[in-house]
Amino acid sequence: MPHDTPLIATIVAGLGLAFVFGALANRFRIPPLVGYLVAGVLVGPNTPGFVADAGLANELAEIGVILLMFGVGLHFSLKDLLSVRAIAVPGAIVQIGFATALGAGLSWMLGWSMGAGLVFGLALSVASTVVLLRALQERRLIETERGRIAVGWLIVEDLAMVLALVLLPALAGVLGGQEQADVHSSGLLSLPASYGIWGVVGITLAKVAAFVVVMLVVGRRVIPWILHYVAHTGSRELFRLAVLAIALGVAFGAAKLFGVSLALGAFFAGMIMSESELSHRAAEESLPLRDAFSVLFFVSVGMLFDPFSLFSNGLPILATLAIIVIGKSLAAFVIVVAFGYPLATALMISASLAQIGEFSFILAELGVGLKLLPEQGRDLILAGAILSIVLNPLMFLVIDWMKPWLEARAARTGPPADAKPVGPATEPGQVASVAAATSKEEDGPPPKTALTGHAILIGYGRVGGLVGAALKEAALPFLVIEDADKTLAKLKADGVETVAGNAANAEVFAAANPEGASRLILAIPNAFEAGQIVLRARSANPKINVVARAHSDAEVEHLKGLGADTVIMGEREIARGIVEEVLGSDVEQTSGP
Ligand code: AMP
């Protein structure tokens with residue numbers, strides 16, 4: 001090499017190998033995350049061959065953590081959390097307590113300190129958002145009540161971990177680790193360690209509270225103002241840059257000025273940006289960068305893993321895995337059933353939480369840095385995470401096998417779906433209806449509509465919304481295929497029949513009964529997706545009349561070529577509206593509200 005460029009080498013090797021192994025993992029239907037970890041192991045110091053710069057990889061990983069937490073904040077919805085709080089809050093707390101106790105027990109058997117047991121147990125108690133969301137998405141469970149419970153549960157776990165990340169450095173000294181001052185940036189408001197445990201907790205919480213107040217009072221006004229200002233410049237590039245600068249700036253400021261963790265700062269920046277629709281959407285655009293850096297985070301975690309520890313640590317690894325997969329699941333299962341939910345719901349929630357991931361790595365790193373957790377603990381956590389993530393799809397398979405058996409048993413012993421809730425602090429009617437609704441939801445393909453001779457309207461945004469209103473007015477039978485949750489909820493409230501999901505997906509489209517439909521109306525902006533759907537519709541029903549939407553002459557050609565009967569070009573219609581307005585010619589206007 002002409003120059004010595006360790007940073008570039010680290011990024012290139014990290015991203016390149018992560019891509020290769022991520023793709024390989026995907027090929028075997030394992031989450032790509034496992035591939036990223038394996039890539040990390042390969043460029044790490046524990047395996048022969050190229051060794052990336054661990055210090056640089058760590059710092060890159062920190063950016064990954066900031067952006068990951070920014071994303072968690074961006075998707076944090078207080079409303080969603082509140083709607084399932086009755087089960088998610090006690091459930092998560094009991095599960096964390098149980099898993100922490102098991103982890104601490106194992107730690108004690110291995111002869112570690114109390115502080116090590118606490119960090120180890122906490123690390124085993126929190127599931128990975130990335131893995132959970134992926135599992136739910138694959139099974140189309142996100143919008144179901146069970147899915148919402150699982151996500152709410154995870155949010156509570158995340159919040160508990162955010163708290164742990166803040167408190168651990170402050171308490172490290174008391175717990176037998178290294179004092180806070182020489183480890184992490186303790187900030188301007190750093191405190192002497194002579195306060196005793198409650199003093200330290202109190203001051204730390206006060207610093208967190210000060211940060212939260214500043215964010216809620218100042219951040220909440222200033223951040224949207226900056227975003228609006230930048231939006232007016234009309235530069236998308238500047239907008240994304242603003243989002244990124246704010247996320248990183250708030251995280252860094254939180255750590256330097258208030259001594260709270262980078263993660264908490266980023267979480268708050270995301271939460272505040274998610275408040276308005278405009279900034280939320282724009283902030284999501286910055287997520288590709290998060291994806292790139294979080295890959296580097298997983299690679300750097302993998303670098304720390306010593307694959308040979310699998311042999312020397314066999315038994316402890318099995319015990320760790322048992323805590324994650326069996327212990328946590330059992331706790332979750334018992335709690336959900338105790339709250340009067342059906343067995344299927346309890347199983348689904350247990351399975352989706354029976355893994356650990358990014359938060360556990362962050363905690364393990366922090367614990368080792370604070371000299372609380374021995375390196376062996378980190379190896380156990382890493383091995384447990386990799387194995388539990390690989391096993392996770394199997395957990396769902398096991399549920400599918402168990403379901404018929406459970407349902408038969410439930411039919412004999414009385415339907416659990418109608419069981420009265422016994423949990424405290426819940427309104428009985430609320431949970432009962434939730435349970436009944438939940439038991440009707442299916443994991444399989446969406447149910448096929450009973451409509452025939454109907455119109456299938458795809459997309460219910462600016463265009464589809466107006467078309468749908470007109471169809472309703474004319475009392476024509478139709479259904480809508482939509483993939484946006486919010487729109488779906490509104491349609492359901494209005495009593496419009498819907499099929500949820502991406503219409504380009506074969507199962508979703510088939511549920512709309514294209515064989516029996518008379519019309520297909522494509523009101524989505526993406527002509528490639530629309531083209532796929534036209535092809536599918538034509539092969540299911542050669543006689544169906546297809547009207548599609550396009551935004552350029554090339555798209556019109558494309559869609560017509562694939563079999564659309566009529567293609568309406570948006571820009572041409574806009575021009576027509578403008579000409580009509582300017583010249584006053586009485587071209588017939590496309591109807592609108
Ligand atoms: P607009 O561009 O405002 O008319 O919005 C388009 C609408 O179509 C949005 O509500 C999207 O959620 C929805 N949409 C886009 N692509 C698909 C798709 N492949 N399947 C289902 N809905 C879609």
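Me: Why is Thr498 called buried?
Reply: Buried means under 20% relative accessible area, while over 50% is exposed and anything in between is partly exposed (1.4 Å probe, protein chains only). Thr498 has a relative accessible area of 18%, so it counts as buried. This is a predicted model, where local features need pLDDT of at least 70 and side-chain atom pairs count only at pLDDT 80 or more, whereas totals for chains, interfaces and linings use all residues. Residues are numbered from 1 along each chain as its sequence is written, and side-chain values use heavy atoms, leaving out hydrogens and water.

Me: Which residues is Thr498 in contact with, leaving aside its neighbours within four places in sequence?
Reply: They are Val480, Leu488, Leu491 and Lys492; contact means heavy atoms within 4.5 Å.

Me: What makes H6 roughly antiparallel to H17?
Reply: Angles run from 0 to 180 degrees between N-to-C directions, with axes fitted to C-alpha atoms, for helices over the stretch in contact. The axes of H6 (residues 114-125) and H17 (residues 358-369) come within 8 Å and cross at roughly 165 degrees. Under 35 degrees is roughly parallel, over 145 roughly antiparallel, 65 to 115 roughly perpendicular and the rest oblique, so H6 is roughly antiparallel to H17.

Me: Which residues make that contact?
Reply: Val119, Leu122 and Ala123 of H6 meet Ser360, Leu363 and Gly367 of H17.

Conventions. Helices (H or I, at least four residues) and strands (E, at least two) are DSSP runs, numbered from the N terminus.
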